[in-house]
Structure formats: structure tokens, C-alpha cells
Amino acid sequence: MLGNLFSLFLTACIIDNIILSKFFGMCPFLGVSKKVSSAVGMGLAVIFVIVGASILTYGLYYLVLVPLELEYMDLITFILVIAAFVQFVEMFIKKNSPSLYKSLGIYLPLITTNCAVLYVAQQNIANGYNFAEMLVYSVAVPAGFTLTLCIMATIRERLEFANTPESYKGNPITLVVAALMAIAFTGLAGLV
Amino acid sequence: MNRKENFFAGFIRENPVFGLYLGLCSTLAITTSLNNAIGMGLSVIVVLTASNIIISAIRKITPDEIRIPVYIVVIATLVKITGMLLQAYFDSIYSAIGVYIDLIVVNCIILGRAEAFASKNGIFDSALDGIGMGLGYTLALIVMSVIRQILGSGILSFANPMTNEMIFSLRIIPESFTISMFTTPTGGFLTFAVLAAALTVYKNSKAAKLQKKEAK
Amino acid sequence: MKELAPFLYIVGLGCLYGVGYYLNHKTPVPKGCENLKADCEGCKITSCENHPIYDLSKGEKI
């Protein structure tokens, strides 16, 4: 049981890394990976939102949608719950913890329309996970996201001083680096 | 900006994918085959045009404070309908890219156009904008998938999405010379980077030409 | 009654989000954080308030 959960974690976090093999969450990956500090803040915000939103959507799906036979409303439920959750979290943080808002809250507006959150909510249902698996999966995917984002931010801080061709400056060179990272991550495919 | 210029802007100059970097997730993921690219492109055109029309039609009765929630409800409904239609009539495409169809909801092109264009312009203009931007997106998908498919597998093929019958299948590169890396995520990133850089070069050279003209 | 359930459900969820959105935008940003932005450069939509050059193009249509 525990072994299964562990291999699920490794698969979701590293082998099927959400950015490098599934391509979800590309926008923040390109946008917020310029500094390590912002990458960490964004990563933590994503972990928090994905775990919270996954539990909410998982509960709603099995406790409300399935009994009422409204499974076809999954998509609209997920996106609305995620969006509402982000709004309430942001409000809560604004009111109660300015320091948390500084490090994490400013990234919350970027998360509402982050495909990673919706993807995890949907995969939890599509793969038929039980509650424990759902929790592990919802931690593993954003953990993989944060890992990749932080690695990328460290590389990009160095890249600032590199002699990049004019036309590759900005996003294109970031994508080339991502391609090299993807090769490295495919090398880990035999891990599990 | 006049209508015609606005319509064609999305094709190359303001291409949503290579120019504005919108909708990258789906672009990189589904361009492994031409079939998927066309299926995805058409779904986006349908959703984008419909959402632009609806949002433009209700722009005057939408309270400004809660416009984003309204847009999201409209878009999510349209995406679900499109997904269900695809599942019913083009099952081979849906089984290949179904996840990405559902995630059109959070595709920045749709919400971006709703916010930047449809909420400020009339119904007809918004519909045109939707079709133009959607075509630009489809064009980008087709270019990328053709490159990746030819380099990765050497074969350019297209199958009828209804019956799964092969319409054409051309071997362009002999099998022993293909680079299978291009069908993997790595190839997606690389192809995208090169194409985006190429568009920058094109834009820069055009801007330089314009400057020269003005200097004269 | 069963046919009405989906409508009530969607309206309920939509309202929940609407209320959350409204309340959140009414809540002032804490002191010292007014000028903090995420500085996201992922896409080139400059009318997005998280884009670094948003302030320059404020009020302009793209």
C-alpha cells in the first residue's frame, strides 16, 4: 500500500513531470521563473491551491455530482470551485497575514487560470483514485512543478549573463533550456 | 485598425501562439500528429468564436465587478458542449486529445480575447476576431505538427476523423534517418523555441525596414 | 424537481465565485504590499495587470 503510494508520488512528481512531460502550467513556468525567490513563492502557492482545490472538487464530485447524476457538470464545477477557492484564499491572506501575502499571495491571481490545477482535479476523477491516492497525487504534481520551476529559475539567473542571440532572448531560450531539462528527466523514466 | 487588418493580425504578426505565447500547454502537447492538431484547432475556433459572440452580446448587461466569473461560466459551458460533440462524432480524436479539449477552459487565448476584445466590441467584430485568432492558433498547430511529424516519424499522414480511414500518408524521410526525439516532449520544446525565434527575426527585420523607410 | 437541480447547482456555484471575487476585490491590499506584483512575463498580453509593463500601457487597448 505504502509502496504503491510512494511509486505514485515518484511517477507524478518526476517521471510524468507536469511541465516537462505533460506541458501543463507552461505560462507560470515561462513567466515567473526569472528569480528563485518568485519561483519558490509561486511553487508554494501552487502546492497550496492544488491540494485545497483537489480535496474540494473530489468531495463535491463524489458527494454531490454522483448522487445527483450530474457527472457531466464536472468541468464547470471544477473551474468554478477552483476560482472561488483562490478568491477566498487570497482574501483570507490579505486580511490576516501581510507577510504571507508578500511571499505567496501576490501569485494567487495567476493561479485561477492555471491549467495545472484543473488538470489535477480532473485526473483525480479520471484515474479513479481513492482518497489517499488523491492526496498523494495532488501533492506530488505541484511538488514536481515547484521542483522544475526552481531548477529553471536558478538556470535563468545564470542565463541573464550569457551571450544569447538577439532573437532567442526571453521565452525562446527558456524553452530550449526546458528541452534539455526534458531530456534529463526522460532519463529518470526507469526509476519506478 | 480596420476589420481586415484585425482579422489577419492573428495569422502571423500577432499570432497567439508564437507571437503572444498564449495556449502553450495544448500547443506543445498535441502537435505530435497532424490529425490531433487539426482537431484541436477546430475545437478552439468553435469555442473561441462562440464565446466571443456570447460575451460580446452580454457585455452591456454584465456587471463590471464580476465579469471574469461570468466569462468563465460561459467558456466552461461551451467547452463541455464541444467536448461532448467531439466524443459523439469524432471519437478517435477525443480519445487522443480529450484531456486537452477539456482544458481549453483555462486556455489563455479564450479568456484573453474575451477580456481584451469581445468585452469592448460589437458582436460581428468579435465573431471575426474569434475566427481570425482561432485560425492563427490552428495555423501554428499545423506548422508545428507537420515539422514534428516529418522529423520524428518521417511520415506525413492525415486520417478521416469520422471513420479513421487514412486519407493520405507520405513517407518523406527514410525510416533510418528519422529523429524520434521530435515526437517526445523535448522535440516540442525545441520546435517551439526555434519557430518563436524565427518569428522574432521576421518581426525585427520588418520593423527595421519600416524604420529605414521612415528615415528616407 | 430533479430537472431543476443542475440549474440551481450552477447558479449556486456561480454566485459563490461571484461573491468571493467581489469580496476579494473589496478587501484592501495589506500595508507595504501595494506595489508588489507577480511580474509574470509568460505571455505578451500587456493589458494583464501582472505584466511588468502594464503600468505603461494602462488604459490603452491592445
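Predicted model: local features only at pLDDT ≥ 70, side-chain atom pairs only at ≥ 80, totals over all residues.
Residues are numbered from 1 along each chain as its sequence is written, and chains are lettered from A in the order in which they are written. Local features need pLDDT of at least 70, side-chain atom pairs count only at pLDDT 80 or more, totals for chains, interfaces and linings use all residues, and side-chain values use heavy atoms, with hydrogens and water left out.

**Exercise 1. Find where confidence is lowest and highest in chain A.**

Step 1. Take pLDDT, the predictor's confidence in each residue, from 0 to 100. Chain A averages 91, and 100% of its residues score at least 70.

Step 2. Go helix by helix (helices, H or I, have at least four residues and strands, E, at least two; both are DSSP runs, numbered from the N terminus). The lowest mean is 87, in helix H2 (residues 26–31) of chain A. The highest is 94, in helix H7 (residues 131–159) of chain A.

**Exercise 2. Describe the overall build of chain A.**

Step 1. Count the elements: eight helices and zero strands.

Step 2. Compare the radius of gyration (over C-alpha atoms) with the globule rule (2.2 Å times the number of residues to the power 0.38). Chain A has 18 Å, close to the 16 Å that the rule gives for 192 residues, so chain A is as compact as a globular protein of that length.

Step 3. Check burial (buried is under 20% relative accessible area, exposed over 50%, partly exposed in between, with a 1.4 Å probe and protein chains only). Of the 192 residues in chain A, 57% are buried.

**Exercise 3. Decide whether A:Phe23 and A:Glu69 are buried or exposed.**

Step 1. Recall the background: most residues other than glycine have a negative phi.

Step 2. A:Phe23 has a positive phi near 65°. The residue A:Phe23 sits in the loop between helix H1 (2–15) and H2 of chain A. Its relative accessibility is 3%, so A:Phe23 is buried.

Step 3. A:Glu69 also has a positive phi, near 55°. At 56% relative accessibility, A:Glu69 is exposed.

**Exercise 4. Trace the hairpin of E1(B) and E2(B).**

Step 1. The two strands run antiparallel, joined by five bridges (pairing takes at least two DSSP bridges). B:Phe158 faces B:Phe168 in E2(B).

Step 2. Six residues lie between the strands, and B:Asn164 has a positive phi near 70°.

Step 3. Four of the five residues of E1(B) are buried, so this strand is largely enclosed by the rest of the structure. B:Met162, in the loop between the strands, is exposed at 53%.
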